Amino acid sequence: EVTKEFIVGMPKAELHLHIEGTLEPELKLKLAQKNHVDIGQTTIEEVRASYQYDDLASFLAVYYPAMNVLQTEDDFYDLAMEYIHHAAENNVRHAEIFFDPQAHTSRGIAFETFINGLYRATVDARALNIDARLIMCFLRDMSRESARKTLEESLPYRDKFIGVGLDSDEHNNPPMKFFNQFTQAEQYGLHLTAHADIDQKGSIEHIRELLEVIGVERIDHGTNIVEDPDLVAYAANHHIGFTTCPLSNTFVRPEMKGPEVLELLDKGVKISAHSDDPAYFGGYISDNYYALADAFNLTKEQVVMLARNSFETSWISKEQKAIYI
Ligand code: HPA
Ligand code: ZN
């Protein structure tokens with residue numbers, strides 16, 4: 001039996017974590033008061049009661065408006081440092097952290113404000129023995145033109161993030177919509193990942209486009225690749241990383257995807273577990289590992305394999321990887 005203590009103690013890499021999703025109700029209220037932003041709630045209980053969602057769209061409708069409380073560089077720094085402390089408590093040694101520029105520039109916050117605050121937290125993370133990096137995500141429900149402009153705006157800060165991703169509402173927003181941005185990002189030496197997780201016809205096509213046309217190194221969620229055994233074999237052969245988020249799945253997807261995770265592990269696909277939006281889905285990375293291990297009776301070897309996969313599919317150097325694998 002795999003205990004919580006074992007999971008907490010195991011070194012881990014966190015590869016699927018939205019920094020805006022680490023905004024805990026306490027910090028949300030504190031920033032709302034400081035910045036005079038009306039969020040419609042004034043107590044922790046009211047904030048928690050507002051967390052009602054049962055699919056991706058209803059989650060995003062709660063998630064994005066809350067970001068209004070983030071206004072200054074220090075707000076972003078404080079948000080990220082709070083996460084770094086959670087990561088340290090969970091023995092996360094390496095973190096690749098998503099941020100959503102368009103969720104902030106679209107409400108008048110300057111690119112330099114959030115990137116400098118977030119980046120400063122990644123520098124200070126080193127004192128806690130955490131190697132933290134940033135991944136810039138495009139919001140797929142916004143226009144191509146907006147993504148193009150975002151990539152352009154990010155270039156003065158090119159040395160402050162290591163990759164690009166794709167998140168928000170996937171419905172009717174296929175990866176190919178952003179083919180040009182992915183291609184350009186790759187030319188700038190950025191790593192590529194993207195969310196693919198809608199449970200409906202078409203999702204497998206999104207996964208195929210990501211693997212065969214765009215050429216991403218990882219897919220976030222993506223467990224429904226099991227529908228296509230040829231694609232599963234391709235992913236295994238090409239060491240594509242898959243980042244599953246068990247607790248997030250219990251809220252915004254039909255279930256935790258345990259059988260899919262076990263099948264992918266068994267077929268040699270490099271899948272690992274992460275927390276997505278821990279302040280909204282009730283747990284940090286160890287809680288996610290534990291929920292999965294507990295619900296599907298994972299062995300110690302399987303849990304260790306997930307953690308090993310997280311380092312293997314991370315974007316740290318070969319030398320750094322050798323320490324953990
Ligand atoms: N899917 C898409 N967009 C997101 C998610 C997610 O799980 N979390 C935060 N933004
Ligand atoms: Zn996500």
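Which residues surround ligand 1? The views below come from a predicted model, in which local features need pLDDT of at least 70, side-chain atom pairs count only at pLDDT 80 or more, and totals for chains, interfaces and linings use all residues. Residues are numbered from 1 along each chain as its sequence is written, chains are lettered from A and ligands numbered from 1 in the order in which they are written, and side-chain values use heavy atoms, with hydrogens and water left out.

**View 1. Surroundings of ligand 1.** H18, L56, L60, Y63, D167, S168, H195, H221, R253, D276 and D277 surround the ligand (a heavy atom within 4 Å). An oxygen atom of the ligand is 3.1 Å from a side-chain N or O atom of R253, and an oxygen atom is 3.2 Å from one of H221. Of the 260 Å² of accessible area that ligand 1 has on its own, the protein covers 100% (Shrake-Rupley method, 1.4 Å probe).

View 2. Apart from neighbours within four places in sequence, E209 is in contact with P174, P175, M176 and I214 (heavy atoms within 4.5 Å). A polar side-chain atom of E209 lies 3.3 Å from the backbone nitrogen of M176.

Conventions. A polar contact is a pair of N or O atoms within 3.5 Å; within protein, one must be able to donate a hydrogen and the other to accept it, and residues adjacent in sequence count only if both atoms are side-chain atoms.
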